[in-house]
Amino acid sequence: MYRDVAQWSDIRHQILRKGVPIRQVVRETGISRGTVRKMLDHPFPQPYRPRNRDPKLGPHTSSVQRILRKNATLPPSARLSIKAIYERIRDAESFRGSYGSVKDYASSIAPDDVCIWEYAYDLLTTLEKKRAIDFLFLLSRADPQVISRSRTEQFFRDAGRVINIAPKPDKREQARQAAFEWMQGVLQKEISRDALRQEIGDVPDMAALLDRLYGGRLSDSNRSMVVLASRRGLSRGTVCDFLGINKHTHRKYLRTFNHGGHAALFARQTRSTRKFDNEAIKQAVFGLLHEPPSNYGINRTTWIMLDLSRVLRDAGQYACPGVIRKITKAAGYRWRRARKVLTSTDPEYREKVHHIQGILAQLQENEAFFSIDEFGPFAIRAQGGRALVAPGEMPTVPQRQKSKGSLIMTTALELSQNQITYFYSPRKDTGEMLRMLAKLIQEYTYKSRIYLSWDAASWHMSKMLYARVAKHNDAVTNGDVAGPIVELAPLPAGAQFLNVIESVFSGMARAVIANSNYASVEEARAAIERYVQERNEKFRCAPKRAGGKIWGMEREPARFSGSNNCKDPRYYR
C-alpha cells in the first residue's frame with residue numbers, strides 16, 4: 001500500500017474537491033489506478049495487515065479445522081500444538097506452505113463455546129461418581145457460579161429439551177465434507193489414476209492435467225483440480241472454497257480448457273493491453289526511426305532512446321524507453337557499429353578468385369600451394385596490447401621511443417600441410433621474392449608443381465620475377481634441372497585481405513609482438529623463430545589443412561574465401 005500521507009491527502013483533495021479526473025492523476029503521478037481508488041476509499045494510508053489466507057493452505061484448511069475441533073475435546077496435556085499441527089499436514093499431506101500461515105489461520109478461528117461443554121461432559125463420564133460430584137462442586141464454587149440452586153431448575157429444563165430433540169443431519173455440509181475429502185485424496189495420490197479415470201470418465205489431456213497437478217506450480221495445480229472436480233460433478237462454490245480461488249477464476253479456467261485444451265490452460269498469461277503490442281505506438285516508433293533526429297530540432301545524427309520517448313510524447317504517443325526498446329528488439333533492430341572493410345578495385349577480381357578456388361579444390365598430394373607476403377617492417381621497441389592487470393593498474397607505453405632496430409620477415413605458408421617457410425629481409429623488393437622462389441624450389445623438390453600466391457605489390461609482379469619463373473619451368477620441362485613446375489596465382493589488386501598468410505601474421509603478432517619490449521633485434525628474432533618452430537611442429541605431428549582458426553592463435557579464420565578478411569588491422573593489440 002502507498003504510504004506517502006502528504007501525497008495521499010493531496011490526491012484526495014484534487015479528485016474529491018477539485019474534480020480532477022482519475023486518469024489525469026494517474027498520468028501525472030505515475031501511480032496505478034487501483035492505488036488511486038484505494039486513496040479515495042480511505043482518508044489515510046492503511047497499515048499492512050497479515051493475509052487472511054495463504055493460497056497454499058487452502059486445500060488443507062479442512063484438516064486444520066478437524067484437528068482443532070478434536071483438540072477442544074482433549075485435556076490440555078493431550079492437545080496438539082500449532083507446530084505439531086503444521087508438521088502433521090506437512091508430512092501427511094505434503095503441505096508446502098509456511099508455519100506462520102498455519103499459525104495465523106488457527107489463531108483466526110474463533111473458539112467454539114460448545115467445545116467447553118463437550119469437554120466437561122467427556123470428563124464427567126470418565127470420572128467415578130465421588131470425583132464427578134467434587135467436579136460439580138468446584139463448578140458451583142466458581143465466581144460467578146456456573147451451577148447454583150437458582151439456575152438448577154432452568155438448567156434441567158434446557159437439558160431436557162436438548163436431549164429429547166435430536167439434531168437433524170446437515171446434508172449440504174456432509175456433501176461438502178465428502179467433496180473436500182475427495183479433492184484431498186486426489187492431491188495426496190490416495191486415488192489412483194485408473195480409479196480417477198473410472199470416476200470422472202475420459203477427460204482430454206488427462207495425463208497432462210495430472211502431471212501439472214502433482215509436479216507443477218500452485219496455479220497449475222489449481223487449474224488441473226478445477227477441471228477434474230468439474231468433471232466429477234462438484235459444485236463451483238465447494239471447489240473455490242477448497243482451493244481458495246474466486247468463482248470468476250473457476251469459470252475462466254473451465255472456459256479456457258474447453259476452448260483450447262491443456263495447452264491454452266497452462267499457457268503463460270500476458271496482458272492484452274501491453275504498450276509494446278500497440279500497433280499505433282509501433283507505427284509511430286518506426287516512423288521516427290526512418291527520419292533523422294535533425295527534423296525534430298535534435299543536434300544528433302542517430303537516435304537515442306530518451307529522444308525517441310520525448311518526441312513520441314510530444315506527438316501524443318506515450319512510450320517509455322523500455323517500451324521502445326522492446327518494440328525495436330522484437331522487430332530485429334540492433335545497435336551496430338559500422339565496420340570498415342577493404343574493397344578490391346581489380347576489374348578481374350571475380351575471375352582471379354575463382355581461379356584460386358579452383359586450384360585449391362583440385363590440389364593433388366604431389367602439389368603445394370603457398371600464400372606469400374612480408375611481415376613488417378616493425379620497430380623493436382615497447383609495444384602496447386591487451387593484458388590482465390591488477391586493480392588500479394594501467395599499462396602504459398611511451399609515445400616517443402628510440403628504436404632498437406627493425407625487422408622484415410618474408411614468409412610463405414603452405415596451405416595443404418600448414419608449414420611456414422621464412423627468412424629475414426633487409427628490404428621489400430624483387431630480389432627477396434627471387435630468394436623466396438629459390439628457397440621453396442629447393443625445399444619442395446619432391447613436388448611436381450607448386451603454386452605461388454601473393455598480393456599485387458609491384459615487386460610481386462615484376463618482369464624479372466616472371467622471367468625467372470619462365471626460365472625455371474623451361475629448364476624443368478627440358479630435363480635440365482630437377483624440381484617442381486612453378487605457377488603463379490596472384491591475388492586481385494587491393495585484395496590483400498584474401499591472403500591467408502595475414503591470419504598467421506595476426507596470431508604471431510598477438511602472441512609474441514603485443515606487450516613486448518625486447519632488448520635487441522636478436523631477442524625479437526629468437527621469440528619469432530620459437531613461435532614458428534612450435535607451430536610447424538604442431539602441424540607436422542598432427543597434419544591439418546589451413547582452414548578454420550589454425551594454430552588456435554589467429555584472430556581471423558585462415559581460409560581462402562571471398563567473404564573473409566584475413567588481414568587484421570590490429571596487429572599490435
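Visitor: What share of the 573 residues in the chain is buried?

Guide: This is a predicted model: local features need pLDDT of at least 70, side-chain atom pairs count only at pLDDT 80 or more, and totals for chains, interfaces and linings use all residues. Residues are numbered from 1 along each chain as its sequence is written, and side-chain values use heavy atoms, with hydrogens and water left out. Buried means under 20% relative accessible area, exposed over 50%, partly exposed in between, with a 1.4 Å probe and protein chains only. By that cut-off, the buried share of the chain is 36%.

Visitor: How many helices and strands does the chain have?

Guide: Both are DSSP runs, numbered from the N terminus: helices are H or I with at least four residues, strands are E with at least two. The count comes to 23 helices and five strands.

Visitor: How many of the 13 residues of helix 22 are buried?

Guide: The buried ones include Ile-501, Phe-505, Met-508 and Val-512. Their cover includes strand 1, strand 2, strand 3 and helix 23. Helix 22 is mostly covered, and its buried count is eleven.

Visitor: Which residue just after helix 22 takes a positive phi?

Guide: Look just past the end of helix 22. The phi there is about 65 degrees, and the residue is Asn-515.

Visitor: What is the bridge partner of Leu-413 in strand 3?

Guide: Two strands pair if DSSP finds at least two bridges between them. Strand 2 and strand 3 pair in the antiparallel sense over six bridges. They form a hairpin with four residues between them, and Asn-418 in the turn has a positive phi of about 65 degrees. Across this pairing, the partner of Leu-413 is Ile-420.

Visitor: Which residues does Phe-369 touch, beyond four places away in sequence?

Guide: Contact means heavy atoms within 4.5 Å. Phe-369 is one of the residues with the most contacts inside the largest core. Its partners are Ile-356, Ile-359, Leu-360, Leu-363, Leu-413, Glu-414, Leu-415, Tyr-451, Ser-453 and Ala-489.

Visitor: How many residues does the second, separate core have?

Guide: Phe-180, Val-186, Val-227 and Cys-240 are among its members. The size of this second core is 29 residues.

Visitor: Why does Lys-282 count as partly exposed?

Guide: Lys-282 sits in helix 16 (residues 279-289). It touches Phe-276, Asp-277 and Ile-327, not counting residues up to four places away in sequence. Lys-282 is partly exposed because its relative accessible area is 23%.

Visitor: Where does pLDDT stay under 50, with one contact beyond four places in sequence?

Guide: pLDDT is the predictor's confidence in each residue, from 0 to 100. The chain's mean is 80, and 80% of its residues reach 70 or more. Where pLDDT is low, the predicted coordinates should not be read in detail. The stretch you want is residues 159-166.

Note on methods
A nonpolar core is a set of buried Ala, Val, Leu, Ile, Met, Phe, Trp, Tyr and Cys residues joined through side-chain atoms within 4.5 Å.
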